[in-house]
Amino acid sequence: MDTIAQDLIRRQEALASERAPLDQLWQEIAELMKSMRADFTFHRVPGDKRTQKVFDATAGLAADNLAAGLWGMVTNAANDWFTLRSDLAEADEDQATKEWLDDVTRRMKAAFSGNGQRFYSRVMELYADLVTFGTGVFYSEEDTTTGRIHYSCRHLAECFVAENERDEVDTLFRRFTFTARQAHLRWGDKCHASVLRAIEKEPDRRFTFLHAVMPRAEVQGGRHDAAGMGFASFYVDVENRLLLSEGGYHDFPYQVPRWSTASRGLYGDSPAMLALPDVKMLNAMSKTTIVAAQKAVDPPLLAVDEVAVRGLRTHPGGIIYGGLDENGRRRYEPLHSGGNVGLGLELEEQRREAVRQAFYFSLLLMVQQPNQTATEVLARQEEKLRLMGPHLGRIQAEFLDPLIRRQFGIMRRANLLPPAPKQLLRAGIRIEYVSPLARAQRAGEGAAIVRALESLAPLGAIKPEIYDNIDADAAARLLAQSFGVPNNLLRTPDAVKKLRKKIEKEAPADAGADAMAGLGDLGAMLSGGAA
């Protein structure tokens, strides 16, 4: 057991040594943009001042704005942001399959919202790390006794990762501290004697521990204990080189999304790294402008010698004795350096704008001009959100997909999900994202429909039968989804057929011609209507 502990500690130290240059960069970024996380290269005591190097808060506010924007547009607690779908075509799904998928989706959303909205409060911390450091670490742990799921965002300074042959993070070492009391609550009498002794006299004394999770070399099929799980878990007392516990996970419990990997590194790149030169320049300029403004408002005094300024009272209401000579001329004059404070402020604003753009400030505001047509609104959305597409795809692939799949597996093992219908036993289940940002990414399809109807409107007025080339039902459903209409407001194809059969029995014979004319009017309205 001690050999396992030593091997794990040795590997963690090797990963930490390899990452040391990146820790220096993260420390510099944190000191300027995320001061509460500025403890990568050294440990800070609680309450320590951390903003000494910050003279302008633009970068920190822009980073918080982007993180809050991701929270609101990707995983908003007030909106539906994912749903489960089968691999079957919608027309081939039976009613039992549709009801089961809706029920499971509802239960999973309730689990994310449970435990005091813990997931939604912790995921905000993940987005803040993601846009600042380029990498975030999220942990989801199942409580086998209650079936609850506990979520937490782990500090990047504690975590060291490794990838498999497919560039997927499948190994993580977390080096953290527990008090003696916390360690005893977690591992009981398995703790080292030094920890057990500290419980009586120093229960708040901190000890260093290591949590290592990695793929299990040999999974023994059919077993229901840790040996039958795909990932091995080890807890080690680092100071005493003692293996405290060995367990396992069915799924990798850590989600490690990265903003981008343009540098081909193990860890991700971030908007903060791109903005760092401008942030450093902005801080230097702000410091200089502050000093220049102070000199302009409260300038230094010119005097003949040092003796002449002894006892000089420059505070408001103070009397300067000897400030005038016998002829009434001033003996002291303020120094006017002639510095242009306005120019400094103008240059600062240029750097601030560059920093804001690095954090997609204008994209998240989505400020639109009034009196725009629907086509113009969709075109602007499509143009702006195309820039966010690659990052949204990586967040979905490296964070949301594994998180939702793990959530599904935990709830299924805890018998919190109903049995799957027979039709789904032969088909797979996929995740479909319906968050505001995901819908905006699909806005191009809706824009294409609107532009097509606008173009056909003049011809349709002359020859209405050209609309036979368009599947109006499919266009209506796709257009509604592009604008974010909830799925429960759309009738199913079967319900539409039944409704039309009922209408056909009651409608006059020329109803088809009226419907075609109405479609032509719709195209004309879209062409000239305002958003």
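Contact here means heavy atoms within 4.5 Å of each other. This is a predicted model, where local features need pLDDT of at least 70, side-chain atom pairs count only at pLDDT 80 or more, and totals for chains, interfaces and linings use all residues. Residues are numbered from 1 along each chain as its sequence is written, and side-chain values use heavy atoms, with hydrogens and water left out. The protein chain has 15 helices and 12 strands. Helices (H or I, at least four residues) and strands (E, at least two) are DSSP runs, numbered from the N terminus.

**Whole chain**

- The protein chain has 531 residues, and 40% of them are buried. Buried means under 20% relative accessible area, exposed means over 50%, and partly exposed lies in between (1.4 Å probe, protein chains only).
- Take the contacts between residues at least 6 apart in sequence: 69% of them join residues at least 24 apart.
- The chain exposes about 29,500 Å², and carbon and sulfur atoms supply 53% of that area. Accessible areas come from the Shrake-Rupley method with a 1.4 Å probe; for residues, only the protein chains shown count as cover.

**Helix α6 and Thr-289**

- Thr-289 sits in helix α6, residues 271-297.
- Its relative accessible area is 11%, so Thr-289 counts as buried.
- Neighbours within four places in sequence aside, Thr-289 is in contact with Val-341, Gly-344, Leu-345 and Glu-348.

**Helix spans and kinks**

- Helix α2 covers residues 58-74. Its 17 residues reach 24 Å from first C-alpha to last, close to the 24 Å expected at 1.5 Å a residue. The expected span of a helix is 1.5 Å times one less than its number of residues.
- α2 is mostly covered, with 12 of its 17 residues buried. Among them are Gly-60, Leu-66, Leu-70, Met-73 and Val-74.
- Helix α3 covers residues 95-133 and has 39 residues. Its end C-alpha atoms are only 46 Å apart, short of the 57 Å that a straight helix would reach at 1.5 Å a residue.
- α3 has a kink of about 105 degrees, centred on Gly-116. The bend at a residue is the angle between axes fitted to the seven residues ending there and the seven starting there.
- α10 has 25 residues and spans 34 Å from its first C-alpha to its last, close to the 36 Å expected at 1.5 Å a residue. α10 also has a kink, of about 40 degrees, centred on Gln-396.

- Most residues other than glycine have a negative phi.
- Tyr-360 has a positive phi, near 60 degrees. Tyr-360 lies in the loop between α7 (341-358) and α8 (361-365). Its relative accessible area is 17%, so Tyr-360 is buried.
- Asn-415 follows α10 and has a positive phi, near 60 degrees. Its loop runs between α10 (389-413) and β12 (429-433). Asn-415 has a relative accessible area of 68%, so it is exposed.

**Strand β6**

- His-211 lies in strand β6, residues 206-215. At 1% relative accessible area, His-211 is buried.
- The side chain of His-211 makes a polar contact with the side chain of Tyr-235, at 3.5 Å. A polar contact is a pair of N or O atoms within 3.5 Å; within protein, one must be able to donate a hydrogen and the other to accept it, and residues adjacent in sequence count only if both atoms are side-chain atoms.
- Beyond neighbours within four places in sequence, the contacts of His-211 include Tyr-139, Phe-173, Arg-174, Tyr-249 and Tyr-254.
- Phe-207 is also found in strand β6. Phe-207 counts as buried, at 1% relative accessibility.
- Phe-207 and Asp-237 are 30 residues apart along the chain, and their C-alpha atoms are separated by 7.9 Å.
- Leaving aside neighbours within four places in sequence, Phe-207 is in contact with residues including Phe-176, Phe-178, Val-195 and Glu-239.

**Cysteines**

- The structure holds 0 disulfides. The cut-off is a pair of cysteine sulfur atoms within 2.5 Å.
- Cys-153 is in no disulfide; the nearest cysteine sulfur, that of Cys-159, is 8.6 Å away.
- Cys-153 is buried, with a relative accessible area of 11%. Cys-191 is buried, at 6%.
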